[in-house]
Amino acid sequence: MKKSYSHIYFIGIGGIGMSAIARYFKFKGYEVSGYDKTPSELTAALEAEGIPVHYDDDISRIPKKVKSTLVVYTPAIPASLGELQYVLDKGYRVIKRSQMLGEITAGQTCLAVAGTHGKTTTSTLVAHIITESGEGCSAFLGGISKNYGTNMLMSHTPTVVVEADEFDRSFHQLHPAITAITAMDADHLDIYGDLEHVHEAFRKYASQVSETIILKLGLPITTDNTQAKIFTYHFDNPEADFHSTNLRLDAMGYYTYDLVYPGGVLTDIKVGALGWVNVENSIAAAAVCLCHGADGQKVRHAIGTFEGAKRRLDVHLNSPRLTYIDDYAHHPAELASAISSIRRIFPERKITGIFQPHLYTRTRDFADEFAAALSRVDKLILLDIYPAREEPIPGVTSQIIFDKVTAPEKVLMRKEELMPYLEKEKLDVLATFGAGNIDRYIEPITQLLSHRI
């Protein structure tokens with residue numbers, strides 16, 4: 001990036017990816033400020049770190065020195081936003097978040113994790129392993145690391161860990177040395193149209209990897225698509241180059257396993273994050289780090305001290321009488337994995353799931369798949385759709401999921417009705433799922449239930 005810029009201005013600074021980049025440039029000594037639509041925990045943290053944030057679409061807050069100000073924006077911002085139109089009209093250099101991330105990582109050793117689900121936890125664990133091993137890294141994460149309390153790790157070493165996001169084809173801006181690809185499910189069909197175009201985008205991404213791809217066993221990427229060496233991984237399939245064996249589950253839901261990999265076997269790896277899905281995530285992360293040259297014993301230790309990422313099988317209460325877990329799952333495959341993990345841990349207990357669908361298009365495109373995943377809970381509490389960047393679509397409501405759910409018990413309600421309902425509800429294992437504003441209910445639910453333990 002040109003050294004002539006002194007100020008980096010962010011439109012949509014409160015996003016998980018945008019806030020990480022804002023923190024990076026603050027660390028590097030730039031003036032940083034920005035706009036977001038609504039205050040949040042992330043924007044409050046940025047302000048506490050000395051980054052001014054405002055919440056009105058106000059062009060007077062934009063730095064007036066055009067040549068020394070670089071503007072970064074997120075595609076989630078509407079094109080009609082006054083601030084975005086202003087900087088485009090006035091000749092500022094304006095780039096997307098993904099392009100900025102590409103520029104930051106260029107010339108560094110980039111370790112990336114891509115995939116339609118699993119990438120946040122896996123990339124957060126890669127960053128934790130590299131940090132714990134003593135090498136250190138900068139990291140741009142799609143969630144808040146519970147170990148570090150942030151989505152941005154900062155280091156002066158030339159290694160950078162990133163979450164490679166397929167939304168808006170953002171990951172095409174990256175050229176990693178090593179990547180893991182965790183899943184290639186149909187998602188973001190408002191952008192891609194169909195599954196084949198999703199696969200095409202991942203194959204293009206794979207073609208940009210220079211050294212090694214750690215590929216979930218069975219995904220449709222081959223050496224025809226990339227010059228990189230391909231290794232496969234899987235939860236427990238012995239056909240994969242990296243897989244678990246001798247798997248043990250303790251009474252609190254934590255797994256210990258032996259990792260079989262091309263260099264031998266790493267024994268007795270205890271995963272510090274809950275559930276079988278985090279065993280698989282840890283295998284992918286270990287594979288990335290071992291291929292990068294990390295010491296096996298340090299990999300084992302770091303996996304054991306990993307606390308996970310916020311809102312990824314995030315345990316808020318856990319006792320034999322009452323358990324509360326929260327997860328960001330907002331795609332049917334993610335829901336199925338999360339519910340399956342919870343069911344394996346608590347096979348004899350009643351699981352109540354609260355789900356807030358995210359986006360009208362995703363609800364429309366995957367209503368059947370959502371219903372199938374949500375039918376695996378004992379009781380479903382289904383909330384209205386969180387629209388995010390979308391306008392309503394006629395006929396698309398949570399009802400189209402609800403009608404197809406076959407769980408033993410189910411109820412449909414507005415989110416405003418949720419807390420009064422839970423006050424009267426007898427609960428055993430409760431899980432909240434969704435990528436919208438359901439996270440605003442985590443603390444109130446935790447407080448409500450903590451009195452019942």
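Contact is taken here as heavy atoms within 4.5 Å. The structure is a predicted model, and by this criterion the buried residues of helix α7 are covered by elements including β6 (109-114), β9 (159-164), β10 (178-181), α6 (189-192) and β11 (212-216). The residues concerned are Val198, His199, Ala201, Phe202, Arg203, Tyr205 and Ala206. Helix α7 itself comprises the 13 residues 195-207; at 1.5 Å a residue it should span 18 Å, and the 19 Å between its end C-alpha atoms agrees with this. The N-terminal end of α7 is capped by aspartate 194, a side-chain oxygen of which lies 3.3 Å from the backbone nitrogen of glutamate 196.

Several of the strands that cover α7 belong to an open sheet of 10 strands with mixed pairing, ordered β8-β7-β9-β6-β10-β11-β12-β13-β14-β15. The edges are formed by β8 (150-153) and β15 (264-270); each has a single partner strand, so one side of each lacks a neighbour in the sheet. From one strand to the next, the twist averages 20 degrees. Within the sheet, four bridges link β10 and β11 in the parallel sense, and isoleucine 181 has leucine 215 in β11 as its bridge partner. Helix α4 (residues 97-105) lies across β6, β7 (138-145) and β9, and runs at about 160 degrees to β9.

Helix α5 contains the 14 residues 119-132. Because 12 of its 14 residues are buried, α5 is largely enclosed by the rest of the structure. The buried set includes Lys119, the threonines Thr120, Thr121, Thr122 and Thr124, and His128, together with Leu125, Val126, Ala127, Ile129 and Ile130. Cover for the buried residues of α5 is provided by elements including β6, β7, β8 and β9 and the helices α8 and α9 (296-305). Glycine 134, which follows α5, has a positive phi near 100 degrees.

Strand β16 (residues 314-318) runs antiparallel to β17 and is joined to it by four bridges, with valine 315 opposite isoleucine 325. Strand β21 (residues 429-433) runs parallel to β17, to which it is joined by five bridges; the partner of aspartate 327 in β21 is phenylalanine 433.

Nonpolar side chains tend to be buried together in soluble globular proteins. In this model the largest nonpolar core has 119 residues, of which Phe10, Phe25, Phe140 and Ile181 touch the most other members. Helix α8 (residues 276-292) supplies the largest share of this core, 11 residues. A second core of 19 residues is separate, and Met413, Leu427, Leu430 and Leu448 are among its members. Ile181 of the largest core is also the residue that is bridged to leucine 215 in β11.

Methods. Residues numbered from 1 in each chain as written. Predicted model: local features only at pLDDT ≥ 70, side-chain atom pairs only at ≥ 80, totals over all residues. Heavy atoms only, no water. Helix = DSSP H or I, 4+ residues; strand = E, 2+ residues; numbered from the N terminus. Expected span 1.5 Å × (residues − 1). Buried < 20%, exposed > 50% of the residue type's maximum accessible area, 1.4 Å probe, protein only. Polar contact = N/O pair within 3.5 Å; in protein donor to acceptor, adjacent residues only side chain to side chain. Pairing = 2+ DSSP bridges. Axes fitted to C-alpha atoms, helices over the stretch in contact; angles between N-to-C directions. Core = buried A, V, L, I, M, F, W, Y, C linked by side-chain atoms within 4.5 Å.
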